[in-house]
Amino acid sequence: ITHRCRFFKFNMAAEITAPPPTTTMENRSVVHRRSKTSAATTYALFLVFGIGSWVTINALFTELPYLVTRAPEGWRIAALISLTVQAANLGPLLYMALRRWAKHRYPQITGADFAAYATYAILVLGAAAMAGLAATWKVTFLIGDAMHSAPLVMFSFLAAVADCTSSIVFWRFAGSFRPLHVSALAAGEGLSGVVATLICWVQNVSSDTPRFTATVHFAILSGVMVVCLVSFHLLRTTNFAAAERRVATDDDGTSDGAVSEASLATSSSSSSEGPVGGGYGDLYARLCVKATVDHHPLVTPGTHHHEAGFAENGAVAGPPPINNNSNNSNNNNSNNS
């Protein structure tokens, strides 16, 4: 009994002191493997991507000194653009309504996929609005008894819808990455005002003879939005950006391009070997059974784990049956003696 008790304790000590299985950690290291190059590139892409959030609205207001001297409304055009931007706050409400409708109409589309499609639409809409302004900003229509810059107001509204909706869509995508890149998105949003101001500074917009017209100004902004669109596409599709992702579950229970915990657990359990079973769960179960074996009155302490508490496949088994024949023989021996 002493020998078998020592043997059992030796096995349990070996299992407790053995290093934890490396299958899960290896999978995590593959998913989260990062290098300085991939981190820096992803950070730069998030900076560019963040510029596309508010650059068009900032550019509209910085271009006002040029527009008010050429639009038939004069300084009233500034008030019209301000009202247009405020009305564009309906964009987030429209996004949430479409998301709810798509969730019931197309249940196979996850929340992360819908947000990605919406991000593409926002960036394309911003680029198209700037291109429309470049072509039609000086076109006027007779409305009532006065001339009005209807295309200017209409395309300003579309650009404002894209920018206002970006506030709830861009951050969702950034949330599936490391916190470092979330801060990059915030920095990019701040740089959107800097970019718009630099373009107007180069244009020399407040002078009587600017270096280029509003047509060129809006065309440059359309190109900036295209660059932001390319940055977002690279963040979604490239391997170096995928290495910077973290496990993030959306409202539908799926992850936006990240490896889920369930898949890692499945991979760990399917590839584990040895009597321990490849995880802490089995080891915990073995410790519980050991305590039962040591304190159960019907089980001999120190019984080998294949005889008391464990089946051959590593699963937890019940206590061994009582050997009545052995007890009878012991009683006969004591009577004879």
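1. N204 sits in the loop that joins helix 10 (179-203) to helix 11 (214-237). Helices here are DSSP runs of H or I with at least four residues, strands are runs of E with at least two, and both are numbered from the N terminus. The model is predicted, so local features need pLDDT of at least 70 and side-chain atom pairs count only at pLDDT 80 or more, while totals for chains, interfaces and linings use all residues. Residues are numbered from 1 along each chain as its sequence is written, and side-chain values use heavy atoms, with hydrogens and water left out.

2. The backbone at N204 deserves a look. Its phi is near 60°, a positive value in a residue that is not glycine. Most residues other than glycine have a negative phi. N204 counts as partly exposed because its relative accessibility is 30%; buried means under 20% relative accessible area, exposed means over 50%, and partly exposed lies in between (1.4 Å probe, protein chains only).

3. For the whole protein, the count is 15 helices and two strands. Of the 337 residues, 38% are buried. Among contacts between residues at least 6 apart in sequence, 72% join residues at least 24 apart; a contact means heavy atoms within 4.5 Å.

4. How many aromatic pairs are there? The count comes to 12, where rings of Phe, Tyr and Trp (its six-membered ring) pair if their centres lie within 6.5 Å, and planes under 30 degrees apart are stacked, over 60 edge-to-face and the rest tilted. One of them is Y95 with F114, a tilted pair with 5.6 Å between centres and 40° between planes. Y95 belongs to helix 7 (residues 90-105) and F114 to helix 8 (residues 111-136), so the pair ties together parts 19 residues apart in sequence. Both Y95 and F114 are buried. Elsewhere, F46, F49, Y120, F170, F173, F177 and F232 form one aromatic cluster.

5. The disulfide count is zero, a disulfide being a pair of cysteine sulfur atoms within 2.5 Å. C164 is buried, because its relative accessible area is 6%. C200 is also buried, at 6% relative accessibility.

6. Helix 6 (residues 76-87) and helix 9 (residues 150-174) have axes that come within 8 Å and cross at roughly 40°. Axes are lines fitted to C-alpha atoms, for helices over the stretch in contact, and angles run from 0 to 180 degrees between N-to-C directions. The contact involves I77, L80, I81, T84, V85 and A87 of helix 6, and L152, V153, S156, F157, A160 and C164 of helix 9.

7. Is T56 buried or exposed? T56, in helix 4 (residues 55-62), is buried, because its relative accessible area is 0%. Leaving aside residues up to four places away in sequence, T56 touches G126, M130, A159, D163 and M225.

8. V230 lies in helix 11 and is partly exposed, with a relative accessible area of 45%. V230 and L123 are 107 residues apart in sequence, and their C-alpha atoms are 9.5 Å apart in space.
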